[in-house]
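Visitor: I would like a close look at one part of this model, the strands and how they pair. Please take me through it step by step, and then on to what lies beyond it.

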Amino acid sequence: MKRTAIIVGAGLGGLSCAIKLASSGYQVTVLEQQDQVGGKLQRVQENGYYFDRGPSTITMPQAFERVFADSGRKMEDYLQLIPLDPHTRNFFADGLTVDMTLDIASLEQQIAKYSPEDASRLRGFLSESAALYHQADRHFLNTLMLDTSSKLSPSLVSAFLRIRPLTSLQKLLARYFRHPNTLMMFGRYATYVGASPYRAPAIFGMMAHLEGMGVYGVKGGTYSIPQAFRKVAEELGVDIETGVRVQQLIIEGKRVTGVETEEKTYRADVVVMNGDVLSACRDLIPELKRPGMRNARIASYEPSISGLTALIGVRRKYDHLLHHNVFFPERYAAEFEHIFDQRKPPQEPTAYICYSGYTEAGMAPEGGSNLFLLLNAPYTSPEWSWEQDGKAYQASILTRLDSLGLDGIQEAEVLRWYTPEDLERDTSAFRGAIYGISSNSARQTFARPSNRLKELDRLWFVGGTTNPGGGTPLVTLSGQLVAQEIINQG
């Protein structure tokens, strides 16, 4: 008889895991509480405007190619990535702009307009960024580090020391750059993992090299990725059920043998949780069954940044926008003080805008623009209520957009807000955090909650809170790595 697996959650990690298990002969059932697959990545269509609600900056295409290749397929038969160059336009409060491009000479010339000194040090920084990436790729990104012996292996310890775990990203950048614009532009990479550049370890300087290897859009929008994964999974016989919320795990002795929903009991040889480890432990497993992950320990983790999102469909064109756009505030550090210290939205947040219609026609009606706005925001806490305080804040954001050259937003044909409270409700994200736990310390970066609990057998975790970390490619890798461990153990 075929071995069976239940995967709770149809995000990229869960679907990736389902595909690999099914390719190896498992009978897989995926249970998703939302009406569509994709986890935090969803598609919204309204009045002829198409939006992706969720991740939009795609790097590491090999992580996605691996999912298709391991199932005997070619990615290009299911999914088309579109290279972007330049990929991101950075707007600074002093009126200057820098377009991030694979052309290093062009990037040097742009930086030299405001800081010849910073421009002269760019290649040195990019060289260190490449070295950090290669260390991470070799020792951290492709392993789950499930036991003490693997964590303390001489090669891993040596690599750990080489990546400067106690040096912040900001301090690393300050060794090369002086101008606030350059520091903000490269410091923003910490937010890719839900952290502050002033606290996150220097390892995230590798993001510059990662983007230098290529940034991509996706034909049809980023939601085409989970759509493609679903198609492959169903071709392999995976049963995907949406609109199904798991209420608890079935635990017999030390072994997890299935899950229960309101309507049905599901049994399987192995259960994989594709969701936040902290939420899953808190909500689905009795505390006495998880002595290594008691409620006090769950509360000790600092959640990552969350986000306030607006989907804006407006019958206007904005010639100053590229596919990806970042509008920086005058005082960058204040943003992270508000988020992590005060747990309140910044007064002047960095504004990220994805305009996928720049790259692909048909994402908006003729003469229109589909804008995905993402603002860094605090995880949910008693210090701030989006339901009570959000409307005034949202109104201030719309006013600021007008000052950034995005006039006409007040007459938008589509305007949908999505708050951290909405994210927590829809996806069970721990305290509404986008990336699970923050990476504001070496502990939370390199000693993340494990992909399994030592107290319970046949239970695994994939997703951004566990290894190898947060972000679209890494959660996809997480599903692949966990599936391989399950197959190896039989």
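Guide: Begin with E10 and strand E11 (residues 255–261), which pair in the antiparallel sense over 6 bridges. The model is a predicted one. Within this part, Ile250 has Gly258 of E11 opposite it. The two strands belong to an open sheet of 3 strands, ordered E10-E11-E12, and the pairing in that sheet is antiparallel. Strand E10 (246–252) and strand E12 (265–267) are at the edges with a single partner strand each, so one side of each has no neighbour in the sheet. On average, neighbouring strands here are turned by 30° against each other, direction ignored.

Strands of a sheet pair through backbone hydrogen bonds, and the pairing may be parallel or antiparallel. The parallel kind can be seen in another open sheet, where 5 strands run in the order E9-E2-E1-E13-E19. Its edges are strand E9 (239–242) and strand E19 (459–462); each has a single partner strand, so one side of each is left without a neighbour in the sheet. From one strand to the next, the twist averages 20°.

Strand E13 (residues 270–274) pairs with E19 in the parallel sense, over 4 bridges. Met273 stands opposite Phe461, which is in E19. Helix H18 (residues 472–489) packs on this sheet and touches both E13 and E19. The direction of H18 makes about 160° with that of E19.

Helices also pack on one another. The crossing of the two helices is left-handed. On the H2 side, Phe64, Val67 and Phe68 take part, and they meet Ile225, Ala228, Phe229 and Val232 in H11. Sorted by class, this contact has 7 nonpolar residues, no polar ones and no charged ones.

Side chains of opposite charge can pair when their charged atoms come close. Glu235 and Arg73 meet through their side chains in a salt bridge, at 3.0 Å from N to O. Glu235 lies in helix H11 and Arg73 in the loop between H2 and strand E5 (81–84), so the pair ties together parts that are 162 residues apart in sequence. The count of salt bridges in the model comes to 15.

Definitions and conventions. Residues numbered from 1 in each chain as written. Predicted model: local features only at pLDDT ≥ 70, side-chain atom pairs only at ≥ 80, totals over all residues. Heavy atoms only, no water. Pairing = 2+ DSSP bridges. Axes fitted to C-alpha atoms, helices over the stretch in contact; angles between N-to-C directions. Contact = heavy atoms within 4.5 Å. Left-handed = near helix turned anticlockwise from the far one by under 90°. Nonpolar A, V, L, I, M, F, W, Y, C, P; charged D, E, K, R; others polar. Salt bridge = Lys/Arg side-chain N within 4 Å of Asp/Glu carboxyl O.
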